[in-house]
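Have a look at the sequence and the model first, and then read on.

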Amino acid sequence: MTQAMEWIGNIVIIIGLIFMALGVFGIFRFRDYFSRILITAKVDTVGFITIMLGLIIKHGFDFFSGKIILVLALYIITNPIATHAITRSAHISGYRIKKER
Amino acid sequence: MDFDSIVLTIIAGLSVFGLVRVLDGPTVWDRMLGFALFSSKVIVAAVFIGIIINRTYMIDVALIYGVLGFIGTIMIARFVERKGDV
Amino acid sequence: MKTYMNALWEDIVDNKEILILLSIVWLILFEELTLFTVVSGIIASVVVLVFTDRFLLKGNYEHSYMIGLGTLAKYAFRLFIEIFLAGMDVIPNIITGKADVQIITCETILTDELLIDILANSITLTPGTVTVEKKGSTLQVLALNAPAIDEDPRAVIPLKLEDILLRYETSLGGDKA
């Protein structure tokens, strides 16, 4: 049973790594800032959440998983605020795209 | 070399690319984006180091690095937004 | 003195879910489950709660900050599913390198400030959409693969999440009336 849980955790961690690698790939793929932040940073967040979920599955229910849940909760609360602050700073400072409605 | 060490190596390699974006970015917001990417990689790497050496205090390090990265990003964004007046 | 103790007790009963959350965080940080950690955790969370309530907050925010543990768990579960679905949607754009970025103005049905903030942060957390500005219940959303001009601009909001928050808001209004 524990062997099976460990394999499931490993597979979930590998999926998360693929998401993270896609995010880093996308940061060099696009030419302008808004498409970069839209795709890259957020896919990176998906990878983070997936890797943490995989670690929780792998370790089972103990204090170690509790601490990982604390890290995850902190990241989920603070990450959108940081992204919002960067994007709003760019918007206010006059970085524009062609279309707006 | 077990599974966790391989994952840690891959994450360290990915974080280098985030730093390349910080050095290379054409605008200042690209640099901030690269910094946010790098700090999330550092959090994951700290948790994996804690698993490999089998100590739980490394997760506290990850928590504190998360708070510091958040405050750094917010402060730089405010600094740029108000054109030098924090 | 007696009225002060009564007010203290009412605060504790009003915020019992926040007390439970804070005590669990204290236990996880200590990594052991003994009588000493439980008692000290409850005392510390009561002190933190009363200090924040009496000295740091100027107004009376208690009733707008009580989301409730059940609603929070349901919301977090739904949020994970939305994030994964949106992440799957974005992958073809990364591989082909095509991006059609627009800023869209749309309105939510919610009226409570805290709930609008939670919804805006959830929009930012899902891949493909980032909230740029919020004024009242009008949001400016930076969206990839935006809906066309003749379609409803509200399609950028994850509607299931708004539904959960809306149900909570109506229950809140029912309590006040």
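Residues are numbered from 1 along each chain as its sequence is written, while chains are lettered from A and ligands numbered from 1 in the order in which they are written. The model is a predicted one, in which local features need pLDDT of at least 70 and side-chain atom pairs count only at pLDDT 80 or more, whereas totals for chains, interfaces and linings use all residues.

**Chains A and B**

Let us begin with the overall build. Chain A has 3 helices and 0 strands, and its elements run α-α-α from the N terminus on. Chain B also has 3 helices and 0 strands, with the pattern α-α-α along the sequence. Helices here are DSSP runs of H or I with at least four residues, strands are runs of E with at least two, and both are numbered from the N terminus.

A residue is buried if 20 or more other C-beta atoms lie within 10 Å of its own, exposed if 12 or fewer, and partly exposed in between, with C-beta atoms placed from the backbone. Two residues are in contact if their C-beta atoms, placed from the backbone, lie within 7 Å.

| Property | Chain A | Chain B |
|---|---|---|
| Radius of gyration | chain A: 17 Å | chain B: 15 Å |
| Buried residues | chain A: 50% of 101 residues | chain B: 38% of 86 residues |

For chain A, the radius of gyration is well over the 13 Å that the globule rule gives for 101 residues, so the chain is more spread out than a compact globule. For chain B, a compact globule of 86 residues would have a value near 12 Å.

Now zoom in on α1(B). This helix has 22 residues and reaches 32 Å from its first C-alpha to its last, close to the 32 Å expected at 1.5 Å a residue; the expected span is 1.5 Å times one less than the number of residues. Which residues of α1(B) are buried? They are B:V7, B:I11, B:L14, B:S15, B:G18 and B:R21. Seen down the helix axis, these residues fall within an arc of 110°, so they line one face of α1(B); the arc is that of the directions from the helix axis to the C-beta atoms. What covers them includes α1 (2-29) of chain A together with α2 of chain B. On the other side of the helix, B:S5, B:I6, B:G13, B:V16, B:L23 and B:D24 are exposed.

**Where the chains meet**

The contact between chains B and A takes 29 residues from chain B and 31 residues from chain A. On the chain B side, the elements that give two or more residues are α1 (3-24), α2 (28-52) and α3 (57-81). That side divides into 20 nonpolar, 6 polar and 3 charged residues. Here Ala, Val, Leu, Ile, Met, Phe, Trp, Tyr, Cys and Pro count as nonpolar, Asp, Glu, Lys and Arg as charged, and the others, Gly among them, as polar.

Chain A also meets chain C: 27 residues of chain C are in contact with 32 residues of chain A. The elements of chain C that give two or more residues to this side include α2 (16-30), α5 (113-125) and β1 (101-107). The most comes from α4(C), with 7 residues. By class, the chain C side has 17 nonpolar, 8 polar and 2 charged residues.

**The core**

A nonpolar core is a set of buried Ala, Val, Leu, Ile, Met, Phe, Trp, Tyr and Cys residues joined through C-beta atoms within 7 Å. Of the 71 residues in the largest one, A:I86 and B:V47 touch the most other members. Leaving out residues up to four places away in sequence, A:I86 touches A:I37, B:W29, B:M32, B:L33, B:T73 and B:A77.

**Two backbone angles to check**

Most residues other than glycine have a negative phi. B:N54 has a positive phi of about 60° although it is not a glycine. B:N54 lies in the loop between α2 and α3 of chain B and is exposed, with 8 other C-beta atoms within 10 Å. C:E31, not a glycine either, has a positive phi of about 65°. C:E31 sits in the loop between α2 and α3 (35-56) of chain C and is partly exposed, with 14 other C-beta atoms within 10 Å.

Note on methods. Rg over C-alpha atoms; globule rule 2.2 N^0.38 Å.
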